[in-house]
Structures are given as structure tokens and as C-alpha cells.
Amino acid sequence: MGQSRPTFRALFQNPALLLGFGFGSGLAPKGPGTAGTLVGLLLFLPLLLWSQPLAWALLAVSTIAGVWICGRASELLGVHDHGGIVWDEFVGIWLVLLCLPEQTFHYWLFAFVAFRVFDIAKPWPIGWADEKVSGGFGIMLDDVLAAIMAIGFIWATTISLNWLF
């Protein structure tokens, strides 16, 4: 393909681009990662509320497939970890949502904000993984690490607040 930003039409001509760009959410002109995270959250919540075992299964399949999806989309664009590739944000927010202390609007909002902060700020080891690990695995890895750190932060905050109050 050789271009750095596909058209919406081009997404529908290639499954790797359609999925990689989060069904078009990665084409947002500003904050494609945030847009992808929001769309991922909204798409996942009905399944999560209906069946957590199926949600975990989708997460597992999506994580493994995400290595190929993100790697292939990156190859097609000729750009490593293009900002519009948001499948990794989908997987990251799904992992955070599955690991929340409770399934409530407040925790969903907390999950969204915490995940975005860690994904954008990229503290160690997220930043290290982002810089040092290449290919589809590298694209997925930094978001999975951001999700794990967000989960830890959410649980630590919840436990601390429960202890204080």
C-alpha cells in the first residue's frame, strides 16, 4: 500500500486494516488511540455484561490475532506502530475491563482514564517495550503492559480507599 494513512474505503478492502484501525476509529484526526480505546470499550461492554467467560475467550483470541493484525497493518502502511493502528488499544482496554473490582460506570470510566494515562505516558517498562520490541508483538506488548499497570493502579487505589474509609 505504501501510504502512511489509509482511507476509510481502503479499510474495507483489507481485513488487517479494518481490524487494525478499529473499524475506522483509528482514522480519527486527533487522538486516534483515545478514539480506539473508547470504541473498544463500547463494543466490549455488552459481551462483558452478558458472559465473562466469552469475554475472556474473545480477549485471548484477539490478543493472539492482534500480533498478526497489527504487524500486517503496519507492513501494509510501511510504518511501524502507526498511531491509527488501534487494535492494541482494543485489547488493552478489554483486559482492564475484565479485571475491574466491579462492573460499574464509575469503574469503566476509571479504566478508560487509567489505561489512556499509562498508554500515553509510557512509564518503564511500557516505554522500553515500545522502543525495543518490534513487529506486531511489539505493537501489542506495550498496550498489554499499559493495561497491566492500569489494573494494578485501579486495584491499589480501590484497596487504599476502602482501607481509609
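This is a predicted model: local features need pLDDT of at least 70, side-chain atom pairs count only at pLDDT 80 or more; totals for chains, interfaces and linings use all residues.
Axes are lines fitted to C-alpha atoms, for helices over the stretch in contact, with angles from 0 to 180 degrees between N-to-C directions. Helices are DSSP runs (H or I, at least four residues), numbered from the N terminus.

Helix 3 (residues 32-50) and helix 4 (residues 52-77) also pack together, and the table puts the two pairs side by side.

| Pair | Angle | Axis distance |
|---|---|---|
| Helix 3 and helix 4 | about 135° | 6 Å |

Helix 3 and helix 4 are therefore oblique to each other as well.

Now to the largest pocket. Its lining has 14 residues, with D81, E89, D119, K122 and D142 nearest the centre. A pocket here is an open set of points on a 1 Å grid over the protein atoms alone, where a 1.4 Å probe fits, with protein on both sides within 12 Å along at least five of seven lines; lining residues have an atom within 4 Å of a point. Helix 6 gives the most to this lining, with three residues.

Residues are numbered from 1 along each chain as its sequence is written. Local features need pLDDT of at least 70, side-chain atom pairs count only at pLDDT 80 or more, and totals for chains, interfaces and linings use all residues, while side-chain values use heavy atoms, leaving out hydrogens and water.

Definitions and conventions:
Angles under 35 degrees count as roughly parallel, over 145 as roughly antiparallel, 65 to 115 as roughly perpendicular and the rest as oblique.
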